[in-house]
Amino acid sequence: MRCDHCSSDVPDGVFCTRCGAHQGTTVEFGDAKTREHRYAAHPGEHVAQPSVFTTLFPHLGHHKIHEFRWAFTAGLAGILVLYLAGLISAAILVSAFLVPVLYLIYLYEAQVYRDEPAIVLGFTLGGGIVVGIVVTVLERIIYNPLQYNGNPFSNAGVSIGGLLIVGLLMPVAQEALKPLPALFLPNRSDFPETVDGLVFGVAAGLGFSLAEALIGFSSVLTSLPAHVAPGNWIYDLTTLAVFSPLLQGSATGMIVATIWRYRRGRLGGREIGGVAMAVLAHIAFSAGTQVLKDTSVNALFILIWQAAIVGALLIYIRYLLHHALLDEAAHMGYAETVCPSCHMHIVASGFCPNCGMALTAAPNSIKRGRRPRVESPVQPAEKR
Ligand SMILES: [Zn+2]
Ligand SMILES: [Zn+2]
């Protein structure tokens with residue numbers, strides 16, 4: 001079969017295995033070449049679906065995604081139980097660790113680091129923690145620590161100066177510093193794909209988020225009695241467990257993904273827009289949270305505001321990664337493999353001909369298991 005879009009001769013399929021375009025005239029809707037109704041890392045979803053796990057954990061297949069969703073839900077349920085029992089310090093600790101620990105498990109699960117776990121984890125998650133410690137300690141020295149009640153999400157001081165620091169200066173400084181560990185990854189040439197850059201950036205952002213949360217809540221953790229009345233802690237706990245790590249991870253993931261695109265010589269408007277989006281989203285998140293707290297609106301609105309920003313950020317990451325995956329589909333050689341998304345046995349190069357998944361986003365175990373299609377009559381199994 002000849003692909004209508006890249007003119008390669010490719011095996012029959014709904015999608016071209018070389019360029020990923022949707023084949024035939026019966027396109028479901030939209031543009032066949034960009035096929036935004038079929039997100040390249042998870043073809044069951046539209047690009048514009050603000051899904052947390054398929055966006056930030058791109059190497060997971062269907063079943064694994066569900067396991068991670070369940071683990072996350074169980075973690076949130078645990079936090080709720082601790083909160084209702086009045087064990088706020090324990091709830092804060094679980095909230096701070098929940099998403100970073102899930103991400104660590106994901107990195108092991110998908111073996112994104114291939115043969116170099118120590119170097120990759122050290123320069124992403126570990127580097128993020130170091131940057132988080134340094135930056136958060138400096139921030140606390142700069143920003144009126146006397147008025148600071150130890151809770152980074154509820155400051156007592158209301159001032160334009162404070163707002164500029166918390167809502168503008170800190171987000172911009174954090175977005176400039178958080179990608180640094182991933183930038184200095186010594187063996188980064190082993191990880192040329194933009195999807196690798198995204199994952200490394202998310203890991204660094206989550207390391208930062210963990211350090212920021214633990215330092216930010218350190219005085220609460222040390223001063224709060226083990227058992228207190230639950231009060232309004234549920235809102236801060238939700239920000240701490242869900243929205244803050246997702247913002248920090250997504251923003252840095254997008255910036256590092258852009259740096260990876262730049263290294264491939266593919267810096268365009270979409271990538272520059274991604275960096276602008278990450279910084280602006282962080283400013284909107286921090287400044288908006290601060291203003292809403294100061295005007296003492298219902299705390300639920302703060303969570304809705306934070307959720308809207310994180311959702312928009314996730315959609316931009318998917319837009320960026322989708323086009324990067326379509327663009328970077330190198331000819332990997334036809335190989336027999338099992339598609340991690342639709343679980344069909346396929347002979348494919350860059351994309352699953354059946355569901356259109358970009359195989360560069362497959363878990364490393366599946367990439368290793370690719371068996372090159374032997375054209376000679378003697379199959380490898382028969383040689384033995
Ligand atoms: Zn094609
Ligand atoms: Zn498939």
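Axes are lines fitted to C-alpha atoms, for helices over the stretch in contact, and angles run from 0 to 180 degrees between N-to-C directions; helices are DSSP runs (H or I, at least four residues), numbered from the N terminus. This is a predicted model, in which local features need pLDDT of at least 70, side-chain atom pairs count only at pLDDT 80 or more, and totals for chains, interfaces and linings use all residues. Residues are numbered from 1 along each chain as its sequence is written, and chains are lettered from A and ligands numbered from 1 in the order in which they are written.

**Exercise 1.** Describe how α2 packs on α9.

Solution. The axes of α2 (residues 62-84) and α9 (residues 233-263) come within 11 Å and cross at roughly 155 degrees. Because angles over 145 degrees count as roughly antiparallel, α2 is roughly antiparallel to α9. From α2, Leu 76, Ile 79 and Tyr 83 make the contact (C-beta atoms, placed from the backbone, within 7 Å), and from α9, Trp 233, Ile 234, Leu 237 and Ala 241.

**Exercise 2.** At what angle does α10 pack against α11?

Solution. Helix α10 (residues 269-294) and helix α11 (residues 299-327) pack at about 175 degrees, with their axes 10 Å apart. That angle makes α10 roughly antiparallel to α11. Among the residues that meet are Gly 274, Ala 281 and Gly 288 in α10 and Trp 305, Ala 312 and Tyr 316 in α11.

**Exercise 3.** State the confidence of the chain.

Solution. The mean pLDDT (the predictor's confidence in each residue, from 0 to 100) is 88, and 91% of residues reach 70 or more. Over residues 375-384, however, the pLDDT is below 50.

Terms used
Helices (H or I, at least four residues) and strands (E, at least two) are DSSP runs, numbered from the N terminus. Angles under 35 degrees count as roughly parallel, over 145 as roughly antiparallel, 65 to 115 as roughly perpendicular and the rest as oblique. Two residues are in contact if their C-beta atoms, placed from the backbone, lie within 7 Å.
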